[in-house]
Protein chains: 2
Amino acid sequence: MAIDKPLIFVTNDDGIFSKGIQSLVEVATRFGDVIIVAPDKPQSGMGHAITLNQPLRLNKDSIFKDLESYTCSGTPVDCVKLGIYEVMKRKPDLLLSGINHGENISTNVLYSGTMSAAVEGAMENIPSIGFSLCDFDSEADFSGAKKIAAQVIEMVLKNQFPSNVCLNVNIPKLPENEIKGIKIARQANAFWDDRFEKRTEQFNRPYYLLAGDFGDHDHGDDTDIHAIQKGYASIVPTQYDMTSYSSLEIVSSWFK
Amino acid sequence: MAIDKPLIFVTNDDGIFSKGIQSLVEVATRFGDVIIVAPDKPQSGMGHAITLNQPLRLNKDSIFKDLESYTCSGTPVDCVKLGIYEVMKRKPDLLLSGINHGENISTNVLYSGTMSAAVEGAMENIPSIGFSLCDFDSEADFSGAKKIAAQVIEMVLKNQFPSNVCLNVNIPKLPENEIKGIKIARQANAFWDDRFEKRTEQFNRPYYLLAGDFGDHDHGDDTDIHAIQKGYASIVPTQYDMTSYSSLEIVSSWFK
């Protein structure tokens, strides 16, 4: 009797036509049966947004030739929900999101559609991994990222995955043979030093464009930023429980 | 010499015209100088989404008569960023988000624009509080919520606020005098049991509407859900560090 291959759900936030998701699908097919549900347009920076009170479209397409794939009009988290509840015949064994064009280290995890899709997978109790390459170029070289992705997927499939957690994997922008390895890290406490560009259009009407730089305010050597800077891929086990347990007591003391 | 009053930044996700933000502004003016930057339309379920590569509009309005207020075309997190970097002359002493029409208990914190605005405030190192009333009605009675909000704001202004944290305050749908008090709680580990309604429109074209129920899968008596069910307002200290510290060791062991 044949053993069922793992059922692998692939999604992303850059949209179904991006090179990153094509690279991830290529890796995923080595490990199991792949179904793709991904946004029909770029959805970067959508965080954990969902579409409320508006129609969602889901269309079968043939981008991945002999693989079952769908485009969705909504956010990455919409894709995960529709994939699980409307597309998949059974619960997937693995959810992969990415490979994102651009890093999702540190607090970028909060803004990232790629990572929010993985977090949503964790909430559905599916082993879930978000992959991001530290290169925003739409024609970036994904060979190093594909190699790391294969290593991580292999480990996830053969080990017991922790509950209520997903993995945030970032891969440095380096040639495949220059990536030094994998470091397990914590999310760096760093932020965007936001700036807006104020411009004007016709009739002197103003508008703003977000244009910040990411500042490294955390000099720990156990962070994802540090790992990437040193030439390693980083993995941050990421949970959706945002309770600050260390603050429970102090806040309680205010109301005594 | 006059002591400067606290500068209080008020935002929300239901939009500047909602009853909830009007209630919160009413409470906030008792404690300091208030500036409002809020979405020009409902932005529920937008999570931590930001607007990338698209123009953002920011318009001064006169909804709050003698208070300085602005509508923003973007998400709640866009409002926070624009407010801090383009509107405020100095860093606000307090950021208040809400009062949301509808609960943001448990994992709803991830989908909630109200709470994402507060989380963004925490990332900017501003004491930040998200308020939500467990009543989705646009004409809900906010009197109990206003009373709790005043109590929490008073405590936050007179105590040292923990770093890298904001507060998630939920108020039960009860008459003011029936709210039993305030409980400090952890985020319940509960989820939407998602379902979609598949409908068809002209030419038999299908679309989907999100239509789940929130299921309580966490029976702890220390959760926000439990507090609300027992008639208390809940406060969850909420952090943006999503690292699962308890999983660092197990994931590390896979790569040894």
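Author: In this predicted model, copies are superposed by least squares on the C-alpha atoms of residues with pLDDT of at least 70 in both.

Reader: What rotation superposes chain A on chain B, and what kind of axis is that?
Author: Two copies of a chain are related by a rotation about an axis and a shift along it. Here the shift along the axis is 0.0 Å, and the RMSD is 0.0 Å. The rotation is 180°. That is the relation of a two-fold axis.

Reader: Why do the copies meet through the same surface?
Author: Compare the interface residues of the two chains. The copies meet through the same surface because interface residues of chain A are also interface residues in chain B, and the share is 100%.

Reader: How many residues does the contact take from chain A, and how do they divide by class?
Author: Chain B gives 59 residues to the contact, and chain A gives 59 residues. The elements of chain A that each supply at least two residues include helices α2 (76-87), α3 (108-111), α4 (113-123) and α7 (248-254). Strands β8 (182-184), β11 (206-210) and β13 (233-239) of chain A also each supply at least two. By class, the side of chain A that touches chain B has 35 nonpolar, 17 polar and seven charged residues.

Reader: How many helices and strands are there in chain A?
Author: Take the secondary structure of one chain. The count for chain A is seven helices and 13 strands.

Reader: At what angle do α2(A) and α4(A) pack?
Author: The axes of α2(A) and α4(A) are 8 Å apart. The crossing is right-handed. The angle is about 30°.

Reader: Which residues of α2(A) meet α4(A), and how does the contact divide by class?
Author: On α4(A), the partners are Gly113(A), Thr114(A), Ser116(A), Ala117(A), Glu120(A) and Gly121(A). On α2(A), they are Pro76(A), Val77(A), Cys79(A) and Val80(A). By class, this contact has five nonpolar, four polar and one charged residues.

Reader: In chain B, how do α2(B) and α4(B) cross: left-handed or right-handed?
Author: The axes of helix α2 (residues 76-87) of chain B and α4(B) come within 8 Å. They cross at roughly 30°. The hand of the crossing of α2(B) and α4(B) is right-handed.

Reader: Which residues make the contact of α1(B) with α5(B), and how do they divide by class?
Author: From α1(B) come Ser23(B), Leu24(B), Glu26(B) and Val27(B). From α5(B) come Ala145(B), Lys146(B), Ala149(B), Ala150(B) and Ile153(B). The division is six nonpolar, one polar and two charged.

Reader: Where is the cis peptide bond of Ile99(A), and what is its omega?
Author: The bond runs from Gly98(A) to Ile99(A). Ile99(A) sits in strand β5 (residues 94-101) of chain A. In chain B, a cis bond joins Gly98(B) and Ile99(B), with omega about -10°. For the bond in chain A, omega is near -10°.

Reader: Which loop holds Asn125(B), and what is its phi?
Author: Asn125(B) lies between α4 (113-123) and β6 (128-133) of chain B, in the loop. Asn125(B) is not a glycine, yet its phi is positive. The value is about 65°.

How values were computed:
Residues numbered from 1 in each chain as written. Chains lettered and ligands numbered in written order. Predicted model: local features only at pLDDT ≥ 70, side-chain atom pairs only at ≥ 80, totals over all residues. Contact = placed C-beta atoms within 7 Å. Helix = DSSP H or I, 4+ residues; strand = E, 2+ residues; numbered from the N terminus. Nonpolar A, V, L, I, M, F, W, Y, C, P; charged D, E, K, R; others polar. Axes fitted to C-alpha atoms, helices over the stretch in contact; angles between N-to-C directions. Left-handed = near helix turned anticlockwise from the far one by under 90°.
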